[in-house]
Amino acid sequence: MQVNNTEINGFLIDQFNQYDLEVGSTQGICPLCSADRKPKNQKTKCASYDWERGLGTCHNCNKSFQLHTYQRKGASEREYVRPIVDNADVNLDAKVVEWFATRGITKKTLDDLKVTSGPEYMPQTGKTENVIKFNYFMGDQLINIKYRDGRKNFKLYKGAEKVFYNINSIVGYEYCVLVEGEMDVLALHEAGITNVISVPNGATLNTNNLEYLDNCIDYFEDKGKIIIAVDSDEAGQALQAELVRRLGSEICYLASFDDCKDANEYLIKYGKEDLQKRITGARPVPLENVTTFKDVEDEVTDFVRNGFKPGFQVGLENFDRIFSTYTGQFITVTGIPSSGKSDFVDQMVVGYNQNYSWKTAFASPENQPTYLHAHKLMRKVWQDMPTADDIHSEKWNQVADHVNSNFFFIDMERYTLDAVLRKGAELVKRKGIKCLVIDPFNKVRMQDGSGDVNVYTLEYLTKIEIFAKKYDVLVIIVAHPTKMYKDSNGNIEEPTMYNIKGGGEWYDASYHGILVHRNYIEKTVKAKVLKVKFQNLGENGAEAHFKWEHRSGCFIPHEPIDIGDDKMPWE
């Protein structure tokens with residue numbers, strides 16, 4: 001058998017044959033358990049070796065192992081602090097080992113995953129504590145450290161890169177297991193499942209900033225199956241939904257821990273064998289386009305108890321009172337030329353970013369050159385016009401880093417809808433975008449864009465709707481009207497969605513429609529709701545008026561807001 005000793009599945013080998021096994025042999029001893037067996041059995045060939053995949057499997061201890069170590073795959077896009085350690089940091093206090101034993105974790109597992117302990121200042125207590133150190137490696141590089149003290153306070157190494165814990169363990173495997181905490185990694189490793197990783201900072205509600213997934217996305221390219229086994233609480237389920245959205249429902253499987261909160265609790269209560277069965281019995285994510293009552297029972301229960309969920313809002317009080325939206329939908333924004341459509345859309349996505357940490361991708365031939373569009377977004381985030389004196393100041397660097405991490409510009413020589421949606425899907429996976437802007441639609445065309453205009457429009461919008469639902473993304477489409485009429489005084493009348501090329505299809509197919517219209521005499525801009533599909537999300541025909549602040553480019557509500565009582569106008 002010819003063995004590749006440089007690369008496997010795109011991963012460069014760092015140390016070939018790390019256990020000094022017989023190269024090319026398909027059977028041999030197990031580096032994990034053979035040395036601990038009775039002398040007469042230590043040379044028994046209890047393991048199988050797969051040199052093409054770089055994996056071994058023991059039939060005695062029922063564990064798998066990697067034949068090699070690997071270099072990091074993919075490079076970080078920015079510079080991070082690297083943890084500084086000394087020789088004292090390789091120690092493991094006896095009391096720490098005893099504590100882990102009460103959690104069902106042996107010293108062997110702690111050594112396998114390079115868990116250490118030692119003194120560390122913890123800001124929660126204001127003093128140095130004896131802590132557990134979960135060391136995060138990529139290849140042979142120490143990337144980060146998670147510290148845990150006896151009061152269950154945590155911190156990560158300040159300024160270090162966020163990556164998955166135990167990420168090296170999934171190289172070469174066709175599948176991996178993804179959990180919510182380092183203790184769950186240890187528990188599953190103890191149960192014989194070694195290709196398991198954990199998010200670095202648990203799960204939190206109301207945020208989808210999975211920076212660690214961005215930094216490790218290349219490790220999932222060869223995976224045909226990803227088992228997600230996170231906590232059953234609300235935050236854990238929100239994390240699960242976002243991971244499925246990013247990694248793809250077609251390869252994701254879901255595991256739960258019955259009446260236990262997590263894998264470690266299940267290990268203590270039911271043991272290794274039953275814990276292993278919870279993972280091997282993981283169920284696939286429900287099929288796309290097929291829904292059963294069980295799939296939506298949680299949503300039905302929530303609706304019965306609480307009614308409609310509130311929509312997402314942009315943070316402009318007068319506009320938020322008349323309009324909100326869900327993801328998985330698309331908004332059509334129209335208006336006559338130079339009315340401020342693109343600028344108002346920028347204001348919307350900056351607002352979604354500030355309120356919900358949404359990331360946005362722009363397919364925006366209208367906003368070229370890109371550096372000017374980036375400057376517009378920078379001003380709205382900054383809420384002022386940066387000057388030459390601000391360049392490379394602390395605030396400049398902060399805002400520039402924020403814009404760089406949250407807004408992405410799709411630049412193509414020739415924009416087509418299919419190419420834009422493919423790039424959008426890639427940005428969902430690699431960057432976690434939650435919003436896609438197409439501006440304007442007539443410059444992002446379908447390749448087969450001939451024939452009946454109504455048929456073309458319906459097919460165009462159907463493709464966008466499929467994309468929005470599949471990836472749980474909000475799509476905003478800027479569409480110019482083709483027909484503009486003047487009133488008896490010579491003023492251009494406000495267009496409707498029927499003035500867009502394709503006419504009634506825009507009104508019928510769009511979830512929502514917004515008109516942006518400028519009043520040159522009063523120097524104001526209004527946003528008018530032309531359509532809202534669901535009554536709980538807004539009010540058809542309602543208007544919000546703004547002044548445009550030229551330094552920041554922000555839209556400022558200019559009329560007094562008579563809120564009356566706390567009810568929305570449509571309630």
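## Exercises on a predicted model

Just after helix α3, G192 takes a positive phi of about 95°. Helices here are DSSP runs of H or I with at least four residues, strands are E runs of at least two, and both are numbered from the N terminus. The model is predicted: local features need pLDDT of at least 70, side-chain atom pairs count only at pLDDT 80 or more, and totals for chains, interfaces and linings use all residues. Residues are numbered from 1 along each chain as its sequence is written, and side-chain values use heavy atoms, with hydrogens and water left out.

### Exercise 1: Helix α3

Task: Find how many residues of α3 are buried.

Solution: 
- Step 1. Buried means under 20% relative accessible area, exposed over 50%, and partly exposed in between, with a 1.4 Å probe and protein chains only.
- Step 2. Locate the helix. α3 covers residues 182-190.
- Step 3. Count. In α3, 9 of its 9 residues are buried, and the helix is mostly covered. Among them are E182, D184 and E190.

### Exercise 2: Aromatic pairs

Task: Classify the ring pairs F11–Y70 and Y136–Y165.

Solution: 
- Step 1. Know what to look at. A pair of aromatic rings is described by the distance of the centres and the angle of the planes.
- Step 2. Apply the cut-offs. Rings of Phe, Tyr and Trp (its six-membered ring) pair if their centres lie within 6.5 Å; planes under 30 degrees apart count as stacked, over 60 as edge-to-face and the rest as tilted. A search of the whole structure gives 31 aromatic pairs.
- Step 3. Take F11 and Y70. Their ring centres are 6.3 Å apart and their planes stand at 75°, so this pair is edge-to-face. F11 sits in strand β2 (residues 11-15) and Y70 in strand β7 (residues 69-70), 59 residues apart, and the pair links these distant parts of the chain. Both F11 and Y70 are buried.
- Step 4. Take Y136 and Y165. Their centres are 5.0 Å apart with planes at 55°, so this pair is tilted. Y136 belongs to strand β9 (residues 127-138) and Y165 to the loop between β11 (154-156) and β12 (175-179), so the pair ties together parts that are 29 residues apart in sequence. Y136 is buried at 1% relative accessible area. Y165 is buried, also at 1%.

### Exercise 3: Charges over rings

Task: Which rings have K155 and K531 over them?

Solution: 
- Step 1. A charge sits over a ring if NZ of Lys or CZ of Arg is within 6 Å of the ring centre and within 35 degrees of the ring normal.
- Step 2. K155 lies over the face of Y147, 5.4 Å from the ring centre.
- Step 3. K531 has its charged end over the ring of Y507, 5.1 Å from the centre.

### Exercise 4: Cysteines

Task: How many disulfides does a search of the whole structure find?

Solution: 
- Step 1. A disulfide is a pair of cysteine sulfur atoms within 2.5 Å.
- Step 2. The search finds 0 disulfides.
- Step 3. Check C176. The nearest cysteine sulfur, that of C252, is 8.9 Å away. C176 is buried, with a relative accessible area of 0%.
- Step 4. Check C435. The nearest cysteine sulfur, that of C554, is 17 Å away. C435 is buried, with a relative accessible area of 0%.
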